[in-house]
Amino acid sequence: MLAKRIIPCLDVKDGRTVKGVNFVDLRDAGDPVELAWNYSNQGADELVFLDITATVERRKTMVELVKAVARQINIPFTIGGGINEIADADALLNAGADKISINSAAVRNPKLIDELAAAFGVQFVVIAVDTRSIGDKNVVHLNGGRLPTERQTLEWILEAESRGAGEILLTSMDHDGTKGGFDNGLLKIVNDAVHIPVIASGGAGKVEHFVDVFEKTNVDAALAASVFHYGEILIPDLKRTLQGNKIEVRI
C-alpha cells in the first residue's frame, strides 16, 4: 500500500502566507520560504503553494518564490494560482516547481488540462476544485471561491480526469478553516469514483481528523494550513499517531 501523504498548504498573498476561515478574514501566517524549510525538516511529504489573488502581473513574483523555495527544500512542491496557459506553467516548472495546480482556468477552458498533460505529462497536472454545497448539490466555485458555477463537483472531476489530470486537490469550502473535520462524505464519493490520487482539503482541526479522513475515505493525501502554520499540530506527532492507527506514512 502506498504511504499516505501529509501536505501543508501555504496560501500566498503579496509574498506572505495568509490563512482565513471559509476563504475570508485572512490573517498573516509568516514567510512562505521559512515555513517551507520548516515543514521540509518536520517531515512533510509535499507542499502546496497557492497564489490566492494571482494576476498576470504577479507571475514574476511567483517565479522568484519558486526559485527561493526550491533552494531551501528537498521535497516535492506544487504551485497554483494565475496559471492560464502553457507558458505560465513552463515558467514555474523551469523555476523548480514539481507540479502545477490549476482551478478557475481549467473550468473556463477545459482543453487547458489536455494541453498541460500533453506538454508536461499527467503527473505534473493537479486540478484544484473548490466546492460548496448548494441545496442538495456540490457545486464548483471559481475565483478563490467567490463565484459559483453551473458545474457539479463530481461531474467536473470526472471530466478533468478524462482530460489528463494527474491528481485532484478537493477543497470543501463549507469545512475550510472551521477545524471541524474534513468533508468525508464527499471525499469518499469522489475517491471511489476516480482512478487518480485525491488530496483532501478543508476542515482539519485536530489529529483525529486526519485519522478519520484516511480511514473513512481512503484518499491518498490530506492537506491543511492553519493547524500547521500556528503549531497546533506538529507533523512528527501527527505521523506517529497515524502510524499507531495502522495508517501507512513515511516517518
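**Exercise 1.** With which side chain does the side chain of D130 make a polar contact?

*Solution.* The model is predicted. Start with the location: D130 sits in strand 7, residues 125–134. Next, look at the side chain. D130 reaches the side chain of N103, at 3.0 Å, in a polar contact.

**Exercise 2.** Find the positions that UniProt gives as "active site", and decide whether each is buried or exposed.

*Solution.* Step one: take the record. An unreviewed UniProt entry places the feature "active site" at D11 and D130. Step two: check the spacing. These positions are spread over 120 residues of sequence, yet they cluster in space, with a largest C-alpha distance of 13.9 Å. Step four: apply the cut-off. Buried means under 20% relative accessible area. D11 has 14%, so D11 is buried. D130 has 8%, so D130 is buried.

**Exercise 3.** Work out which residues of helix 10 are buried, and why they line one face of the helix.

*Solution.* First, list them. Helix 10 covers residues 235–244, and its buried residues are I235, L238, K239 and L242. Second, look down the axis of helix 10. The buried residues fall within an arc of 95°, so they line one face. Third, find their partners. The buried residues of helix 10 pack against strand 1 (5–13), helix 1 (32–42), helix 8 (207–217) and helix 9 (226–229).

**Exercise 4.** Which residue just after helix 10 takes a positive phi?

*Solution.* Step past the end of helix 10. There, K246 has a positive phi of about 60°.

Note on methods:
Residues numbered from 1 in each chain as written. Predicted model: local features only at pLDDT ≥ 70, side-chain atom pairs only at ≥ 80, totals over all residues. Heavy atoms only, no water. Buried < 20%, exposed > 50% of the residue type's maximum accessible area, 1.4 Å probe, protein only. Helix = DSSP H or I, 4+ residues; strand = E, 2+ residues; numbered from the N terminus. Arc of directions from axis to C-beta. Contact = heavy atoms within 4.5 Å. UniProt positions renumbered as here; feature names shortened; annotations may be inferred. Polar contact = N/O pair within 3.5 Å; in protein donor to acceptor, adjacent residues only side chain to side chain.
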